[in-house]
Amino acid sequence: MRQMKTKALSKQTRNNLVTYGIVIAAYIAVEILMRAGMVSSLLKGLLVPLCIYVILAVSLNLTVGILGELSLGHAGFMCVGAFAGAIFSKCTMNAIPVAGLRFFLALLIGAAFAALAGILVGIPVLRLKGDYLAIVTLAFGEIIKNVINIIFLGRDSRGFHISLKDAFDLGLEPEGEVIIKGPQGITGTPNDSTFLIGILLILVTLFIVLNLIHSRTGRAIMSIRDNRIAAESVGINVTKYKLLAFTVSASLAGVAGVLYAHNLSTLAAQPKNFGYNMSIMILVFVVLGGIGNIRGSIIAAVVLTLLPEMLRSLNDYRMLIYAVVLIAVMIFSWSPKCREFRERYGLKRLLGSKKGAKEEV
Amino acid sequence: MMGFISYLVNGISLGSVYALIALGYTMVYGIAKMLNFAHGDVIMIGSYVVFSTVSTMGLPPAAGILISVAVCTVLGVVIERIAYRPLRQASKLVVLITAIGVSYFLQNVALLIYGANTKSFTSVVTIPPLSLAGGALIISGETIVTILACIVIMIVLTLFIRHSKPGRAMLAVSEDGGAAQLMGVNVDGTIALTFAIGSALAAVAGVLLCSSYPSLTPYTGAMPGIKAFVAAVFGGIGSIPGAFIGGILLGIIEILGKAYISSQLADAIVFAVLIVVLLVKPTGILGRQIQEKV
């Protein structure tokens, strides 16, 4: 009995280690290719965004796959993290000259603010169910984006000034500096994000999410997903665990946001980067990778980010192909007819006929 | 005061468009229990068809609108047949992602055919503006037509659903699909009909929207689509009168918010009101509370 338990545990640990291993192996492979000069500059520019998407996909999977609630506002939390981190970095550019330390603190601050936003949004939102919850998270994401677009923030010797009108309204002293310029956002954020930091953050994210899933808390969260009423009746505090999962997911999105902010010199909240389209794109990664499957999220995020770039030579047709692939994959993996077809002629059946034989008996 | 009334009328006009789009969302949701994210893009396709037939080919507007309605109806049925029907039994999320795929597909088809440049849409309405209160209040022809069209469509649709056989089949399927099938209702046919009606309404909404706001890009449909979706949820998704009320309210809130609070925050205000309504009434204004069984 005891032996069985350790064996079961080790299988889980092994599984986790494989996931970490894949990430590290991917890093080493890319580094070797880069040393050999086989990575195009286009691909080099994609490395940090890839890390950002992987973190976003893994963290959203915590809400969608493990908690079982559909969230369409993940980009909103990323937006909060990005702006909090960027403001911090910009304000302390002279005070903390060590880039590594400053970036580390920016990450913590971005995560903290995103977590705070997660709690504020989560308390009212998590009372709702299903599609209502989805539309309200979408609404919150859009509100966050819109509000950030009208904020002007400046700093001078008297401290910070906030205005909702324009930069002149701040009433800054001549040597004062405007930090957020409304729709133009923040310019001149230090470019601290690197591929190595991105990979390290992916590993940290995986560590947090995988350990959360396999802990007592994680089991409580999954029990809420599988049957809320049953979970409640065995004494699980549904609100607490829902909020916990939602907040962790939001704060990790904030980390991705900080990474995003420090990868670009200009940070502005536009529909393209922080709108619902972004949230939906991350959701596509999660669903295509397999709902609740962390490793699947990583692979789907990487493949679906690289696919349009690989198809770049096809110009205008690439997004069309992307759309067709998306629909085809969904139908192929979920339509009853296709499932039957796969069961009959699938690889598993052809390679290992043992299982099929067993079923026939 | 006249300013306020004028904003209110504009709000009702915009709300009428939202209501027409929201009807498509809410009917499909009520019957197929899915969020059809591609609905907004059907509007865009409908507008482009009118643009091609009226502005480029020079057909009369009425013919253009008829062709647009026909194209959208066929499009809606084809989308349902190819992309959604095979996934009838799959989880909601899978269908949602497929709908997003269809949305990308339609946007990129439009992008390939018409390019990314904004096309200026010539209004199909030729009614002169109505001048009231000695010229202090001017209501444009587009506004009048939009509001009238919405009212007529609502009445016809309600009569159709209440009193015709296919309409009652739609009610039955939305109540309980399995039981309806056992009673001999053709469920697949009914769902296809729902998509056809929803898409036809989307075409009409597209024409009206682009007559009032005459700039057309492949992404024109996305934001009104989302707003109409919000309107449907606002009124209680699955409820047809709810979509009407939700749409009109949303239009009024958006225009008044734009006029009196902040034009940049108008969208945020709309979404904030939605959140407040859902917190007080978690299934929308006219939504039915579903009892959870253990």
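Analyst: In α11(B), the buried residues are B:Asp267, B:Ala268, B:Val270, B:Phe271, B:Leu274 and B:Leu278; a residue is buried if 20 or more other C-beta atoms, placed from the backbone, lie within 10 Å of its own, exposed if 12 or fewer, and partly exposed in between. Because these residues cover an arc of only 160° around the axis, they lie on the same side of α11(B), the arc being that of the directions from the helix axis to the C-beta atoms. An α-helix has 3.6 residues a turn, so residues three or four places apart point the same way. On the face of α11(B) turned away from the buried side are the exposed residues B:Val276 and B:Val280.

This is a predicted model, in which local features need pLDDT of at least 70 and side-chain atom pairs count only at pLDDT 80 or more, while totals for chains, interfaces and linings use all residues. Residues are numbered from 1 along each chain as its sequence is written, and chains are lettered from A and ligands numbered from 1 in the order in which they are written.

α11(B) has 15 residues and reaches 22 Å from its first C-alpha to its last, close to the expected 21 Å; that expectation is 1.5 Å times one less than the number of residues. Helices (H or I, at least four residues) and strands (E, at least two) are DSSP runs, numbered from the N terminus.

The buried residues of α11(B) pack against α5 (130–150) of chain A, together with α9 and α10 (240–260) of chain B. Across the two chains, 39 residues of chain B are in contact with 35 residues of chain A, a contact requiring C-beta atoms, placed from the backbone, within 7 Å. Two or more residues on that side of chain B come from each of α4 (92–114), α9 (222–235) and α11 (266–280) of chain B. Among them, α4(B) gives the most, with 13 residues.

Of its 361 residues, 41% count as buried. Chain A averages a pLDDT of 85, and 93% of the residues score at least 70, pLDDT being the predictor's confidence in each residue, from 0 to 100. Over residues 354–361 of chain A, pLDDT stays under 50, and the model has two contacts beyond four places in sequence for them.
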